[in-house]
Structures are given as C-alpha cells and as structure tokens.
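User: Could you walk me through this model with a few questions and answers?

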Amino acid sequence: MPGSLEDRIRHLEYIEAIRLLKSRYCAACDDDHNPDAVAALFVPDGLWEGSNIGVHARGHAAIRQYIGGVRASGRIRTSAHMVTTPVIVPDGDRAAGHWRLLMLYTGNTADGGTAYHRIIGFYDDTYVRVDGQWLFETLRVTVEASGPYVEATAPRD
C-alpha cells in the first residue's frame, strides 16, 4: 500500500466501507432473508451466484425473487451469517473480496418440526463504488459443507 498518507487512508476507508457493506448483507439475510434489503446492496445488474448450489440471479428483480423465495420456503427461518478472515483489495473504484462463511440456521421440516443446520463455505465478491457508495457487483458463494448440526432436539440430562 505505497503512496501518500492520503492515499493510504483512502485505501483503509475503502476497506472499512466494504466490511460494512458485507455486514449489511449479513444483517439483511439474517432479517428473515429480506429480499428488498439484499437487492438494494447490489448495482442494478449485479449478480448473486451460488454456482455449486445451482443459483444464478442477475439484477435487482432476480435477486429479490431468489431471496424472497428462500424466505417464503421456510427452509431457512432463523439464521446467523458469520463471515471472517476478509481479504479486501481495493483498486480505485473497484475492489475484490474473499470471506470465509459459517452460517447456522433453523428451518421447517416436512413434518412441521424444526431442523438445525449449518453451512461452511466462502464468498468471492467484487464491488464497485457508485456515487461514493460501495455496492456488490458480484457475490459468489461456494458451499463446501452443509447439514444438520443437531441430531435431536430432546433435552439432555
């Protein structure tokens, strides 16, 4: 990060703004997968992609539809997105980011019960600064492992 003090401070400000963008994304997902809040974090032709889970949603309407479908399905009801070890590389008004992901969530079972699940994976994102605000250009999630984290819901002695 060579350059003037002003350039180095701007670089750090960009990194922090992108961290906050990712935080808003996680909060919107943990708000019962709020489709309007998630879509608003993307440029108009942005891409939400889960290539190894078969999801490709381009543009606000498609992102809203996909996230809204997750909400409506009940398969993810209460979630906690935890993203760690970010590597954020700004380059002018563009940036790239890599994050580890751990997500715990509850969902409905076929018999009306509650299932407890976890996802382990990572995000590879690109960002663009529009009118001074950082937005997602692409958000790509890769799920490495997923499944139940609690086998039974009965109290333990």
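Predicted model: local features only at pLDDT ≥ 70, side-chain atom pairs only at ≥ 80, totals over all residues.

User: Is Tyr 66 buried, exposed or partly exposed, and what is its relative accessible area?

Analyst: Residues are numbered from 1 along each chain as its sequence is written, and side-chain values use heavy atoms, with hydrogens and water left out. Buried means under 20% relative accessible area, exposed over 50%, and partly exposed in between (1.4 Å probe, protein chains only). Tyr 66 is therefore partly exposed, with a relative accessible area of 22%.

User: Which kind of aromatic pair do Trp 48 and Tyr 66 form?

Analyst: Rings of Phe, Tyr and Trp (its six-membered ring) pair if their centres lie within 6.5 Å; planes under 30 degrees apart count as stacked, over 60 as edge-to-face and the rest as tilted. By this rule there are six aromatic pairs. For Trp 48 and Tyr 66, the centres are 4.9 Å apart and the planes lie at 40°, so the pair is tilted.

User: Over which ring does the charged end of Lys 22 sit?

Analyst: A charge sits over a ring if NZ of Lys or CZ of Arg is within 6 Å of the ring centre and within 35 degrees of the ring normal. Lys 22 is among the buried residues of helix 1. Its charged end is 3.4 Å from the centre of the ring it covers, that of Tyr 123.

Definitions and conventions:
Helix = DSSP H or I, 4+ residues; strand = E, 2+ residues; numbered from the N terminus.
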